[in-house]
Amino acid sequence: MSIAIKVKKGLDIRISGAIAPGAQVPAAVTPSATIAITPEDFTGIIPKTEVHEGDAVKAGQPLFHSKADEALKVVSPVAGSVKAVVRGERRKIERFIVEVEPDGDAVSFDTADALTKPEAARALLLASGLWAMMRQRPYDIVPAAGAVARDIFVTGFDSAPLAWNRDSYTPDQLRQLEAGVKLLSLLTSGKVYLSRRSASVLPDIQGAEMVNVTGPHPASNAGTIIAAIRPVNKGETVFCLEIDTLLRIGALALTGKTDGTTIVAVTGSEVAQPQLVKAYIGSEIAPLIKDNIDADGRHHRIISGNVLTGVKVAADSYLRLPYRQITVIPEGDDVDEFMGWASFSPKKQSTSPSFPGHFSHKAFSPDARLLGGRRAMIMSGQYDKVFPMDILPEYLIKAILSKDIDRMEQLGIYEVAPEDFALAEYVDTSKLELQKIVREGLDYLRKELS
């Protein structure tokens, strides 16, 4: 059985530098001397270290756990030795750096009852660190170790700018997906929903309620799917994860080993040859983009993720969660153009019909400039044009800024995550940091109601 959803509000941002259709995934892992895991990526977890510098670790061995709940762990994706536990201000742990030993040992997990008993399924996900790869609504945080899900939503595709989606699934991968769905179904009394494009190569997966989605970005966002099927009310909890995590869960259930690799799409207008690379989770950025950046003399912005929700990183930094995309675009700080942001050049991308670029169907090469100054919030209805959820986004943002908890609840804050406001932030003429505002609002609400 499947459900059909048509997303009418949204925006597909056309940027040059996409992966060519039919691109092949390399069989070998791109070498990386070290990997890094950043606790900040696991929202809701305050880390307490389980390793020290110089310690040897196996793939799947915990690096840290949550201070609030020792059962909630984040593990090393590779075998090797702990090179550094990097700390920042007030001794905040910024990252764990592990030197990679390609032929090192891996932890073998007991999977005997994981596909038949809920307690065993939960314990396996917690011990393997895959529980920390999921998120819950409300609050968009890693679920508590004892959290009970009303439903579980798996996003089977990515509609974000330049995102890569699989064009085929092997028989082994399909078995892993079925095993992953079977395991997840033990964690909820509701359903496991798996979304896909209507013309997707992903077939029906046994045990999952398939969701066929059409429409522009944010069609792939978990919030969009949840709002269209069964919104989250106060007191309810749903789990969200991506199909890559589902594959890892299935592989773990079938083999007892965690998969520490990922497929990374190297994309963007400043990439000489957009391509797919196989790498370790948390790999160094430099080997993945080596000799593949245009030598055009421009300053570059490297983003771990997509241009809407990704994190700005340095060339010598590391992949950040969700570990599947690198985007390279011009920084824009070395540009000197006539009329600046007000230029009527057809090469300038715009969502406004006042600019010629609005009517172009070609891919653009935008840079990272703000193109305007921050100003007072204008209630113009801009957000509504790209916000498909049945929520009043402008009023919700105002309620968050005023810390009005009752109003926030009435306006649907339990349904949203920062990524749901990424497009609204993109089109916002007030240049507000909407994703940051929503993140702070969710954290404030959780603190006040806990």
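**Note on the predicted model**

1. Strands β7 (residues 80-87) and β8 (residues 93-100) run antiparallel and are joined by seven bridges. Within this pair, Ser81 stands opposite Glu99 of β8. The model is a predicted one, and the points below should be read with that in mind.

2. The β7 and β8 strands belong to an open sheet of four strands, ordered β2-β8-β7-β4, with antiparallel pairing. At its edges are β2 (34-37) and β4 (56-57), each of which pairs on one side only.

3. Parallel pairing is found around β12. Strand β1 pairs with β12 in the parallel sense over five bridges, and in that pairing Ile5 has Val213 of β12 as its bridge partner. Strand β11 also pairs with β12 in the parallel sense, over five bridges; here Arg196 has Asn212 of β12 as its bridge partner. Strand β12 is mostly covered, with five of its six residues buried.

4. Helix α3 (residues 222-229) has Ala222, Gly223, Thr224, Ile225 and Ile226 as its buried residues. The cover over these residues includes the strands β1 (2-6), β11 (192-197) and β12 (209-214). It also includes β9 (135-137), β10 (152-155) and β13 (238-242).

5. The largest nonpolar core has 70 residues, of which Ile37, Phe42, Leu125, Trp131, Leu184 and Ile326 touch the most other members. Helix α4 (residues 243-255) gives the most to this core, with six residues. Apart from this core lies another, of 24 residues, with Tyr383, Phe421, Leu432 and Leu442 among them. In soluble globular proteins, nonpolar side chains tend to be buried together.

6. What does Trp131 touch, leaving out residues up to four places away in sequence? Its contacts are Leu72, Arg122, Leu125, Leu126, Val142, Pro143, Ala144, Ala145, Ala147, Leu187 and Phe239. One of these, Leu125, is also listed with Trp131 among the core residues that touch the most other members.

7. On the surface, Phe338, Met339 and Phe344 form a nonpolar patch, with about 380 Å² of accessible area together. Met339 is placed in the loop between β18 (325-330) and α6 (382-386). Why is Met339 classed as partly exposed? Its relative accessible area is 44%, and the partly exposed class lies between the 20% limit for buried and the 50% limit for exposed.

Technical notes:
Residues are numbered from 1 along each chain as its sequence is written. This is a predicted model: local features need pLDDT of at least 70, side-chain atom pairs count only at pLDDT 80 or more; totals for chains, interfaces and linings use all residues. Side-chain values use heavy atoms; hydrogens and water are left out. Buried means under 20% relative accessible area, exposed over 50%, partly exposed in between (1.4 Å probe, protein chains only). Helices (H or I, at least four residues) and strands (E, at least two) are DSSP runs, numbered from the N terminus. Contact means heavy atoms within 4.5 Å. A nonpolar core is a set of buried Ala, Val, Leu, Ile, Met, Phe, Trp, Tyr and Cys residues joined through side-chain atoms within 4.5 Å. Patches are made of residues with over 30% relative accessible area and no salt bridge: like charges are joined within 9 Å, nonpolar side chains (Val, Leu, Ile, Met, Phe, Trp, Tyr) within 5 Å. Accessible areas come from the Shrake-Rupley method with a 1.4 Å probe; for residues, only the protein chains shown count as cover. A salt bridge is a side-chain nitrogen of Lys or Arg within 4 Å of a carboxyl oxygen of Asp or Glu. Two strands pair if DSSP finds at least two bridges between them.
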